[in-house]
Amino acid sequence: MKRIIVFLLASAMLIACVPTPETEFVTHKDTEEMIEKASGTQSATAADGEGLPASSVRVQYGFPDDWVETFTEGDGHFTVRIDAPVEVPDASAVPIVRVERGTFDPAVVKRMFDTLTAGHTLVLRNRVMTKTEIANLIAHLQNELGDPDSDLDEGDRAWFTEQIEQLKAQYPDAPDTKDEPIADGTIRPIPLISSKTGEVVYLRYGFEAITPDITPDTIPESFSVVIPDFADAGRYDEEYGYGGGDAKMGYMNPRSLLTGNDYDTKVLLRDPADPKELAAYPQVTYLPKQAIADAEAFLSSVGLDRYKADRVAFLPDKDSDAYGYCIFCVPTVAGVKGTSLWMGTWPKSDVVAPPWDYEFMRLCIDEQGVYALFWYAPLKEKETVLPSATLLPFEKIMEIFRKYVWIKEKPWLILDESIVIEQDYPSDMVVTIDRITLSLQRVMEPNSFDTALLVPVWNFWGTETTTRTDLKTRQTTEEPGSTSPWPPTPILTINAIDGSVIDLLAGY
């Protein structure tokens, strides 16, 4: 029931406060110097002929198939355990490409809409509620407040009560009916109108389609597209925030609610071809390898051939044998995969500009097909800056990793008990690396927040576990670190050309 309430009313996210590291571990980037290094003589181990090498990148540089290593720092209080495949593109070269904020191709949107909603009628949502809709929503909220089995806490109840009062105030002026034309997946203008002046503040494009005549206790099928006007970039409005920004798309079919949200169990599969993690789920007959093939076939059918699966998670239902898969998909450039990152970069405090999300696509699928899809911040390729970048040897990358993973994590530990203020303190940490990837990732260019470079990077994926020790009893408890396995976030990102460490939030 609470999922429905979240859909209807939205929820707030609480962010825990964490200490600020005293040591700066991200080295400065000079993109011109980096490109110069990338243009240098290739230190390959098996280059073939002149021009672009014909052999794979792995063969050229002697990159290993996997890496196993354990090392410690801080007198054993910090441990890194690596047991990971080293994933390298099959391509013969890794390029550097200049990109900018992109948008959605209307033809692709139309094909997606027609395919995903085939046989169903959706209407263009009119967010102005009628008297009947307001009355139904008030009754629904009042029933939730009066339900003795409800899991609402005091904060939820106060918010529900506030919503009821606001809805009652809206009721007298609400219309009896409203117009909701049938949706067909066509992109159209969406003016954002000021509630104070009645004038258009920003012009956006897209549509919001939804199951018609829904009740407050029903989750609808929905398909939404929002494309900002790039001409609005740099403008700010108190009511609507920054103009410009990233294009966003979302589709949800309520036949399955297993989308990898906070309510779902998520099992991130290390090897989809040999998913040992599924041994505990004997009901599984639709295997992840087939799910990936079906997901990529769907993307190809709508005109997104270059998007490929990058990571897959198994989503079992807690109350039944139902299950689905969440597949993170990334674009490929010249046969080289991009990086899936669920975050964005922010401008400096003196720059008026919206944040820029990394491109992110999450597709949810089961044996019946795709039932959810979320696609944010598509990129537009402007030019190939360098068709083949010269990369550092893997041993050099590992040398940098060993140094900087300790610099990055050391501020989160207390190694001197004499300075402990609280009763328990973070005394130990274990970093587990289970995946190492070479892929293209966006790096910001100096003095520009609208263009960037796709450059080859090494990402080290895994988890952090911190041990807290009670100063008096010496009892210990373990807690997840700042890097959670969901959605997958790298422990450390290293530029494969110059070895600089990349701050994902700064974008360089």
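**Cavities, cores and confidence**

Student: How many cavities of 30 Å³ or more does the structure hold?
Tutor: There are 4 cavities of 30 Å³ or more. Keep in mind that this is a predicted model.

Student: How do you even find empty space?
Tutor: Rolling a probe the size of a water molecule over the atoms shows where empty space is left.

Student: OK. How much space lies in the largest cavity?
Tutor: About 190 Å³.

Student: And which residues lie nearest its centre?
Tutor: Pro331, Gly338, Glu359, Leu379 and Leu454.

Student: What classes of residue line the largest cavity?
Tutor: The lining has 8 nonpolar, 3 polar and 4 charged residues.

Student: What about the second largest cavity, what's its volume?
Tutor: About 50 Å³. Its lining includes Asp310, Arg311, Phe328 and Trp342. Arg435, Trp461 and Pro488 are also among the lining residues. By class, the lining of the second largest cavity has 6 nonpolar, 1 polar and 3 charged residues.

Student: New topic. How many residues are in the largest nonpolar core?
Tutor: The largest nonpolar core has 63 residues. Those with the most contacts inside it are Ile82, Leu391, Phe401, Ile433, Ile436 and Trp458.

Student: Take Ile436. What does it touch?
Tutor: Leaving out residues up to four places away in sequence, Ile436 touches Trp67, Ile82, Ala84, Pro85, Val86, Glu87, Phe394, Trp458, Asn459 and Phe460. Ile82 and Trp458 are on the list of residues with the most contacts inside the core, too.

Student: What about a second core, how many residues does it have?
Tutor: The second core is separate and has 43 residues. Among them are Phe207, Val225, Leu269 and Met361.

Student: Zoom out. What does the secondary structure come to?
Tutor: The protein has 8 helices and 23 strands. Buried residues make up 47% of its 508 residues.

Student: Where does pLDDT stay under 50?
Tutor: One stretch is residues 1–25, for which the model has 39 contacts beyond four places in sequence. Another is residues 43–52, with 18 such contacts.

Student: And what does the protein average?
Tutor: Its average pLDDT is 88, and 90% of the residues score at least 70.

How values were computed. Residues numbered from 1 in each chain as written. Predicted model: local features only at pLDDT ≥ 70, side-chain atom pairs only at ≥ 80, totals over all residues. Heavy atoms only, no water. Core = buried A, V, L, I, M, F, W, Y, C linked by side-chain atoms within 4.5 Å. Buried < 20%, exposed > 50% of the residue type's maximum accessible area, 1.4 Å probe, protein only. Contact = heavy atoms within 4.5 Å. pLDDT = per-residue confidence, 0-100. 1 Å grid on protein atoms, 1.4 Å probe; cavity = no way out; pocket = protein on both sides within 12 Å on 5 of 7 lines; lining within 4 Å. Points joined across faces, edges and corners; volume = space filled by probe spheres on them. Nonpolar A, V, L, I, M, F, W, Y, C, P; charged D, E, K, R; others polar. Helix = DSSP H or I, 4+ residues; strand = E, 2+ residues; numbered from the N terminus.
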